[in-house]
Amino acid sequence: MNGVQQRRSTGSKIVRFALVGLANTAIDLAGFFLLLKLHAPPLSANVISWSIAVVFSFVANGFWSFERNHAIRLHDAFLRFVSAGALISLGVSSLSIALFAGIGGVWPAKIGGVIVAAVLNFLASRWSIEGRLLK
């Protein structure tokens with residue numbers, strides 16, 4: 001290549017983000033399952049499994065899905081990513097578990113929270129890594 005990086009289309013970013021999201025969800029759910037098997041409380045298991053998955057997600061999205069804005073320091077991008085992710089993914093999934101686990105069970109509540117958060121996470125990830133929401 002000539003050293004000039006081509007910009008990825010939004011469609012390409014969405015597909016890449018979705019693939020990373022599938023892997024991230026698998027990591028989150030596997031960790032959640034393992035921690036529940038070890039008798040961790042569901043909300044604690046959710047926080048721990050999410051923390052592991054969010055590190056993977058930042059690395060994969062930051063270096064593959066999105067075009068990192070190098071004007072944003074890596075440390076700052078990570079803090080943005082984790083903060084937005086905590087508000088969206090962790091917040092939605094924990095709220096879903098707290099509200100709906102008693103009604104439909106822990107697993108449906110967890111999976112419902114993951115689905116609701118996925119769309120919001122695309123915008124939050126783009127903002128934290130690229131420094132923009134739209135365009």
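Colleague: At what angle do helix α2 and helix α4 pack, and how far apart are their axes?

Modeller: A quick note before I start: this is a predicted model, where local features need pLDDT of at least 70 and side-chain atom pairs count only at pLDDT 80 or more, while totals for chains, interfaces and linings use all residues. Numbering runs from 1 along each chain as its sequence is written, and side-chain values use heavy atoms, with hydrogens and water left out.

Now, α2 (residues 42-65) and α4 (residues 106-130) pack at about 35°, their axes 12 Å apart. Helices here are DSSP runs (H or I, at least four residues), numbered from the N terminus; axes are lines fitted to C-alpha atoms over the stretch in contact, and angles run from 0 to 180 degrees between N-to-C directions. The α2–α4 crossing is right-handed, meaning that the near helix is turned clockwise from the far one by less than a right angle. On the α2 side, the contact (heavy atoms within 4.5 Å) uses Pro42, Asn46, Ser49, Phe58, Asn61 and Gly62, and α4 brings Val106, Lys110 and Ile129. That makes four nonpolar, four polar and one charged, with Ala, Val, Leu, Ile, Met, Phe, Trp, Tyr, Cys and Pro taken as nonpolar, Asp, Glu, Lys and Arg as charged, and the others, Gly among them, as polar.

α2 also packs against α3, at about 145° with axes 10 Å apart, and that crossing is right-handed as well. Among the residues in this contact are Trp50 and Phe58 of α2, and Phe78 and Phe81 of α3. By class, the contact has 15 nonpolar, seven polar and no charged residues.

Phe58 and Phe78 are also an aromatic pair, edge-to-face, 5.1 Å centre to centre with 80° between the planes. Rings of Phe, Tyr and Trp (its six-membered ring) pair if their centres lie within 6.5 Å; planes under 30 degrees apart are stacked, over 60 edge-to-face, the rest tilted. Phe58 sits in α2 and Phe78 in α3, so the pair ties together parts 20 residues apart in sequence.

Methods: Helix = DSSP H or I, 4+ residues; strand = E, 2+ residues; numbered from the N terminus.
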